Amino acid sequence: MRFGLIGAGRIGRIHGGNVAAHKGTELALVADADAKAAADVAAQYGAKVADIAGIMADKNIDAVLICAPTDMHSDLIEQAARAGKAIFCEKPVDLNADRIKACLKVVNEAKAPLMIGFNRRFDPNFAALQQRLHNGAVGNVEIVTVISRDPSPPPVSYIGRSGGLFRDMMIHDFDMARFLLDEEPIAVTAVGSSLVDPEIGKAGDVDTAAVLLETKSGKIAQISNSRRATYGYDQRIEVHGAKGMIRAGNVHETSVEVATGQGFTGDPVQNFFLERYANAYRLELEAFINAVEKGVAPAPSGEDGLRAQLIADAATESWRAKKRVEIGA
Ligand SMILES: NC(=O)c1ccc[n+]([C@@H]2O[C@H](COP(=O)([O-])OP(=O)(O)OC[C@H]3O[C@@H](n4cnc5c(N)ncnc54)[C@H](O)[C@@H]3O)[C@@H](O)[C@H]2O)c1
């Protein structure tokens, strides 16, 4: 498979590198509005620099990696679907659920394979947890707990165009909650504050939030987010079921511990997503490549992207209105 990469920024470089490293795939073309970014990534992986139209028009390009800013995703997905490409697109599909629905209509009509970058499903620890849960390790799921805290907040300039914490950050946790509950959430109750940086509050967003999701049968998911954790990127999951509890903890820089009379100390947790999810990014690309080669629908799908967005929209409304909100269809 020959790939074209659109957006050679933080995440584009990771996916581009994984395509180049995968045997049987080639990173052929790279497009970025920043000519230097495109040239650097192309030179690093033996690709050529192109523009977006060139990638779409090139009949030798089988798949596109969409890693440009969020507000370009839905247009690029549509262009790629119409051009007959397989599509891997970073989360989110769009910040507007109606726009996502229109985009998925084009994808379905073109029968284009589409996968959305909810990378955490492919983290080896979380994937193993989900597999054991699915195999009945703790019986019927009752409460899913997802803890997700960034080491430090992004610049306030980013907050304004991010879509807000629920759509930008917690969207990953909504997807994880759906993945583990194995039943669609129907309602959400959200609270949020700006305790980390008052400027985030002035920009109309929160940096600290907790959300409860309910399913029709009464299963519950609780999600805790913060834009700051002094000890690194805090990523933990626990699921309580009828027969017990299953959990996956943080990944530390090393597993070395020092014990003295004052107690035990260990290394900080891996600092942020590029380190913590390096394996997940590699494995999600592998899953995309395998699905396209076998002609099966890749997952997480565009529909998964829409479901997570609808929960994020309901959570944003719940936080603003200070009430429980039913999730849209
Ligand atoms: N799944 C994850 O863990 C994860 C992590 C980070 C980012 N993301 C998502 O990936 C996307 C990119 O985020 P990032 O952190 O890599 O951003 P970034 O700013 O580092 O990279 C974006 C790149 O797109 C380029 N670009 C901007 N306008 C363009 C245009 N008109 N044409 C071509 N290129 C253009 C920029 O020059 C930049 O190099 C976002 O949608 C974000 O939500 C997902």
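1. Strand S7 (residues 141–149) and strand S10 (residues 220–226) run parallel and are joined by 7 bridges. Strands, like helices, are DSSP runs numbered from the N terminus (E, at least two residues, for strands; H or I, at least four residues, for helices). Within this pairing, Ile 147 has Ser 224 of S10 as its bridge partner.

2. The model is predicted, so that local features need pLDDT of at least 70 and side-chain atom pairs count only at pLDDT 80 or more, whereas totals for chains, interfaces and linings use all residues. Residues are numbered from 1 along each chain as its sequence is written, and side-chain values use heavy atoms, with hydrogens and water left out.

3. S7 and S10 belong to an open sheet of 7 strands with mixed pairing, in the order S12-S11-S7-S10-S9-S8-S15; two strands pair if DSSP finds at least two bridges between them. Strand S12 (244–248) and strand S15 (325–326) are the edge strands, each pairing on one side only.

4. Helix H6 (residues 124–134) packs on the sheet, where it touches S7, strand S11 (234–241) and S12; contact means heavy atoms within 4.5 Å. The direction of H6 makes about 160 degrees with that of S12. Axes are lines fitted to C-alpha atoms, for helices over the stretch in contact, and angles run from 0 to 180 degrees between N-to-C directions.

5. Helix H9 (residues 170–181) also packs on the sheet, touching S7, strand S8 (185–193), strand S9 (208–215), S10 and S11. Its direction makes about 155 degrees with that of S10.

6. Leu 212 is found in strand S9. This residue counts as partly exposed because its relative accessibility is 41%; buried means under 20% relative accessible area, exposed over 50%, and partly exposed in between (1.4 Å probe, protein chains only).

7. Helix H4 (residues 73–82) is mostly covered, with 7 of its 10 residues buried. Among them are His 73, Leu 76 and Ile 77. The buried residues of H4 pack against strand S1 (2–6), helix H3 (52–57), S4, strand S5 (86–89), helix H5 (97–110) and strand S6 (114–116). Gly 84, which follows H4, has a positive phi, near 80 degrees.

8. Ile 66 is found in strand S4 (residues 63–66) and counts as buried because its relative accessibility is 0%. Not counting residues up to four places away in sequence, Ile 66 touches several residues, including Ile 6, His 73, Leu 76, Ile 77 and Phe 88. The C-alpha atoms of Ile 66 and Ile 77 are separated by 7.7 Å, with the two residues 11 residues apart along the chain.
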